[in-house]
Amino acid sequence: MTKLKLGVLISGRGSNLQALIDACAVADYPAEIVIVISNRPNARGLERAVAVGIPIQVIEHTAYSDRENFDRDVDAALRTVGVELVCLAGFMRLLSAWLVEQWPDRIVNIHPSLLPAFKGTDSHAQVLAAGVEVSGCTVHFVVPEMDAGPIILQAEVPVLPGDDEDSLAARVLTAEHQCYPHAVRLIAENRVTVTDGRAVIAN
Ligand code: GRF
C-alpha cells in the first residue's frame with residue numbers, strides 16, 4: 001500500500017501527534033509521518049517522535065525577523081522529505097498566506113471547538129462563558145484566515161455542570177484523538193473533495 005506522507009507541525013505537548021503516531025502504527029492505516037517540525041526546541045511532542053524513530057526538525061521562529069522567511073524554511077523542510085499532507089497539531093504560529101497558497105487543501109488543523117463557533121486560543125473559556133451545552137472539535141483545511149477553512153470532520157462532547165476549562169479541555173481532547181486520525185484517513189483514501197469552499201466526504 002502506498003501511504004500518504006504526513007508532515008506534522010507542533011509547538012508543545014503533542015498529544016494529537018501521538019494519536020497520529022498510534023494510528024500510523026496500524027498496518028492498514030493509509031498514511032505515515034515522515035517528519036515532525038517544531039518551532040520550539042523544548043516541545044514535548046519532539047520526544048514522542050524520537051521515541052518511534054520519526055525524523056524531527058526544530059525551526060525556531062525567534063530566529064526570524066519576518067514570518068514569511070520562517071514559513072519558507074518550513075516549506076523547504078516539508079518538501080525535502082516529500083510531505084504530501086501537512087497536519088497542524090497544536091502548532092501555535094499563524095501561517096502566512098504565502099505558505100497556505102503553496103499547499104492548497106493540503107494543510108489540515110484540529111481546533112478544540114465546533115467551528116465556526118469559538119475560534120482562537122481560548123475556546124474552552126469562551127464555551128463556558130457562553131453557557132452552551134455542547135462543544136467538541138473540528139478538523140478543517142487551513143486557509144489564511146485563522147480557524148476558518150472547509151470543515152472535514154467534527155465530534156461533539158457534552159459540556160457538563162461544574163465543568164471548568166481543564167475538565168472540558170480533557171473531554172474535548174479525547175474526542176480530538178479520535179477525530180484527527182479519522183479525518184487524515186479520509187483524506188489519504190481520497191474521499192475528501194473541496195467544492196465551493198466546502199469539504200465533501202464520499203461514502
Ligand atoms: C489541542 O487542543 C488542539 O486542538 C489545539 O491545540 C491543542 C494541542 O494539544 N489546536 P496537543 O499538543 O496535541 O496535545
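# Sheet, ligand site and loops

In strand E3, the residue opposite Ile37 is Gln57. That pair belongs to an open sheet of 7 strands with mixed pairing. The model is predicted.

- Strand E2 (residues 31-38) pairs with E3 in the parallel sense, over 3 bridges.
- Strands of a sheet pair through backbone hydrogen bonds, and the pairing is either parallel or antiparallel.

- Strand E4 covers residues 85-88, and both of its faces are covered.
- On one side of E4 are Leu85 and Cys87, on the other Val86 and Leu88, and all of these are buried.
- In a regular strand, side chains alternate between the two faces of the sheet.
- Strand E1 (residues 4-10) pairs with E4 in the parallel sense, over 4 bridges.
- Within E4, Cys87 is the bridge partner of Val8.
- E4 also pairs with strand E5 (residues 107-111), again in the parallel sense, over 3 bridges.
- Val108 in E5 is the residue opposite Cys87.
- From E4 the chain passes through helix H4 (residues 97-102) to E5, and this β-α-β crossover is right-handed.

**Strand E5**

- Of the 5 residues in E5, 5 are buried, and the strand is described as mostly covered.
- Both faces of E5 are covered: one side carries Ile107, Asn109 and His111, the other Val108 and Ile110, and all are buried.
- The bridge partner of Leu88 in E5 is Asn109.
- E5 pairs with E6 in the antiparallel sense, over 4 bridges.
- In E6, Phe141 is the residue opposite Val108.

**The ligand and its surroundings**

- The residues around the ligand are Arg13, Gly14, Ser15, Asn16, Gly90, Ile110, His111, Pro112 and Glu176.
- Ile110 and His111, two of these residues, are also among the buried residues of E5.
- Arg13 has a polar side-chain atom 2.6 Å from an oxygen atom of the ligand.
- Ser15 has a polar side-chain atom 2.5 Å from an oxygen atom of the ligand.
- In the side chain of Glu176, an N or O atom is 2.6 Å from an oxygen atom of the ligand.
- The ligand taken alone exposes 370 Å², and the protein buries 85% of that.

**The loop between E5 and H5**

- Pro116 is in the loop between E5 and helix H5 (123-130).
- The peptide bond joining Leu115 and Pro116 is cis, with omega of about 10°.
- Asp122 is found in the loop between E5 and H5 as well.
- With a relative accessible area of 40%, Asp122 is partly exposed.
- The side chains of Asp122 and Gln126 make a polar contact of 2.7 Å.
- Asp122 is 46 residues from Leu168 in sequence, and the two are 12 Å apart in space, C-alpha to C-alpha.

- Asp105, although not a glycine, has a positive phi of about 55°.
- Asp105 is in the loop between H4 and E5.
- The relative accessibility of Asp105 is 32%, so Asp105 counts as partly exposed.
- Asp147 is not a glycine either, and has a positive phi of about 55°.
- Asp147 is in the loop between strand E6 (134-141) and E7.
- At a relative accessible area of 11%, Asp147 is buried, because buried means under 20%.

Technical notes:
Residues numbered from 1 in each chain as written. Predicted model: local features only at pLDDT ≥ 70, side-chain atom pairs only at ≥ 80, totals over all residues. Heavy atoms only, no water. Buried < 20%, exposed > 50% of the residue type's maximum accessible area, 1.4 Å probe, protein only. Helix = DSSP H or I, 4+ residues; strand = E, 2+ residues; numbered from the N terminus. Pairing = 2+ DSSP bridges. Right-handed = clockwise from strand over helix to strand, strands pointing away. Near = heavy atom within 4 Å. Polar contact = N/O pair within 3.5 Å; in protein donor to acceptor, adjacent residues only side chain to side chain. Areas by Shrake-Rupley, 256 points an atom, 1.4 Å probe, with all protein chains shown as cover.
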